[in-house]
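User: I've got a structure open and I'm new to this. Can you walk me through it?

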Amino acid sequence: MEDSVAIDAKRILLRYGTPISVLDRVNKEERIRLARAIARTALPDREARLRELLEEAGHLH
């Protein structure tokens, strides 16, 4: 089950604009955490919120 959750998390992050090169550097647990945070965010705000979360975590410069 954990693998399917991780795959879904990766899809969500890609859908809302995470570059593949960034996603490759994010571990599985953090991907799941980020995807859960985005799923709780209002649809129009998801892309911007994901960018904020990635910047806060140091994944985007």
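This is a predicted model: local features need pLDDT of at least 70, side-chain atom pairs count only at pLDDT 80 or more; totals for chains, interfaces and linings use all residues.

User: How many helices and strands does the protein chain have?
Analyst: The protein chain has 4 helices and 0 strands. Along the sequence, the pattern reads α-α-α-α.

User: Back to His-59. Buried or exposed?
Analyst: His-59 counts as buried, because its relative accessibility is 13%. Buried means under 20% relative accessible area, exposed over 50%, and partly exposed in between (1.4 Å probe, protein chains only).

User: What does His-59 touch?
Analyst: Setting aside residues up to four places away in sequence, His-59 touches Val-22, Arg-25, Val-26, Glu-30 and Leu-54. Contact here means heavy atoms within 4.5 Å.

User: Which side chain makes a polar contact with the one of His-59?
Analyst: The side chain of Glu-30 does, at 3.1 Å. A polar contact is a pair of N or O atoms within 3.5 Å; within protein, one must be able to donate a hydrogen and the other to accept it, and residues adjacent in sequence count only if both atoms are side-chain atoms.

User: Where is Val-26?
Analyst: Val-26 is in the loop between α2 (20–23) and α3 (28–39). With 3% relative accessibility, Val-26 is buried. Beyond its neighbours within four places in sequence, Val-26 contacts Arg-31, Leu-34 and His-59.

User: New topic. What about Ala-6 in helix α1?
Analyst: Ala-6 lies in helix α1, residues 2–15. It is buried, at 10% relative accessible area. Leaving out neighbours within four places in sequence, Ala-6 is in contact with Lys-28 and Ile-32. Ala-6 and Arg-31 are 25 residues apart in sequence, and their C-alpha atoms are 7.1 Å apart.

User: Is Lys-28 buried or exposed, or in between?
Analyst: Lys-28 is partly exposed, with a relative accessible area of 32%. Lys-28 belongs to helix α3.

User: Zooming out, how much of the protein chain counts as buried?
Analyst: Of its 61 residues, 34% count as buried.

User: What box do the C-alpha atoms fill?
Analyst: Roughly 30 × 25 × 15 Å, taken along the principal axes.

User: And what share of the contacts joins residues at least 24 apart?
Analyst: The share is 45%, among contacts between residues at least 6 apart in sequence.

How values were computed
Residues are numbered from 1 along each chain as its sequence is written. Side-chain values use heavy atoms; hydrogens and water are left out. Helices (H or I, at least four residues) and strands (E, at least two) are DSSP runs, numbered from the N terminus.
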